[in-house]
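Subject: Structure handover

Hello,

Here is the structure I promised to pass on. My notes follow below it.

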Amino acid sequence: MKAIYPGSFDPVTTGHLDIISRSASLFQPLIVAVLENSTKETLFTPGERILLLREATKGIPGVEVESFNGLLIDYMKKKKSRIAIRGMRALSDFDYEYQMALTNKGLYHKMETVFLITKGEYAFISSSLVKELARLGGDVSRVAPACVIKALAKKYK
């Protein structure tokens with residue numbers, strides 16, 4: 001069964017890769033869908049995020065990387081998928097994710113949201129943290145794949 005893991009992935013982190021890897025073992029294909037949100041300021045363009053995700057996931061079978069804009073439910077209908085994957089790092093994520101899942105279900109009754117709890121070692125990682133750490137010259141090798149480390153170094157040169 002096809003599933004979609006949507007997000008901004010600005011940039012992809014080791015936490016994201018954990019969720020992608022585990023989701024790909026449950027659903028085939030797994031579409032990692034990069035949200036093109038013009039109202040959100042991002043460090044990387046949608047094209048850069050897609051390239052970074054493709055590089056970071058090249059060893060994970062069954063993963064496809066695409067971009068989308070607009071409502072997730074419209075994208076899911078277009079891709080003929082009913083399963084959305086969401087990663088949960090902490091209890092603080094639950095409120096927002098629960099509201100989104102209920103809203104999406106109300107708009108598209110066939111949609112199901114599957115929540116995967118992140119491994120404890122990744123619970124503190126966010127894209128914002130990775131960017132801030134890199135911007136300040138910190139070591140991001142534990143929280144970002146090699147391709148992202150290289151791309152961050154270029155951005156913050």
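The largest pocket has a volume of about 1000 Å³. A pocket here is an open set of points on a 1 Å grid over the protein atoms alone, where a 1.4 Å probe fits, with protein on both sides within 12 Å along at least five of seven lines. Grid points are joined across faces, edges and corners, and the volume is the space filled by probe spheres set on the points. The lining holds 39 residues, and Pro6, Gly7, Ser8, Arg86 and Glu97 are the closest to the centre. A lining residue has an atom within 4 Å of a point. Strand 1, helix 1 (14-24), strand 4, helix 4 and helix 5 (127-135) each give two or more residues to this lining. Helix 4 gives the most, with eight residues. Helices (H or I, at least four residues) and strands (E, at least two) are DSSP runs, numbered from the N terminus.

Two points on provenance. This is a predicted model, where local features need pLDDT of at least 70, side-chain atom pairs count only at pLDDT 80 or more, and totals for chains, interfaces and linings use all residues. Residues are numbered from 1 along each chain as its sequence is written, and side-chain values use heavy atoms, with hydrogens and water left out.

Now helix 4. Its 17 residues (91-107) should span 24 Å at 1.5 Å a residue, and the end C-alpha atoms are 25 Å apart, which agrees. The expected span is 1.5 Å times one less than the number of residues. Asp93, Glu97, Ala101 and Asn104 are buried in this helix. Buried means under 20% relative accessible area, exposed over 50%, partly exposed in between (1.4 Å probe, protein chains only). The cover over these buried residues includes helix 3 (72-79), strand 4 (83-88) and strand 5. An α-helix has 3.6 residues a turn, so residues three or four places apart point the same way.

Five strands form an open sheet in the order 3-2-1-4-5, with parallel pairing. Strand 3 (63-68) and strand 5 (112-117) are the edges, each pairing on one side only. Two strands pair if DSSP finds at least two bridges between them. Strand 1 (residues 3-7) joins strand 2 (residues 30-35) through five bridges, and Pro6 stands opposite Ala33. Strand 1 also pairs with strand 4, over two bridges. There Ala3 stands opposite Ile83. Six bridges join strand 4 to strand 5; one partner pair is Gly87 and Leu116.

The loops need a look too. Phe9 lies between strand 1 and helix 1. Its phi is positive, about 50°, although Phe9 is not a glycine. Phe9 counts as buried at 3% relative accessibility. In that loop sits Pro11, and the peptide bond from Asp10 to Pro11 is cis, with omega near -5°. Another cis bond joins Gln28 and Pro29, with omega about -10°. Lys80, between helix 3 and strand 4, has a positive phi of about 55°. Lys80 counts as exposed, at 71%.

Ser127, in helix 5, is buried at 14%. Beyond residues up to four places away in sequence, Ser127 touches Phe9, Asp10, Pro11, Thr13 and His16. Contact means heavy atoms within 4.5 Å. Leu152 is in helix 6 (residues 146-155) and is buried at 1%. Its contacts outside four places in sequence include Val130, Ala134 and Val140.

Best wishes
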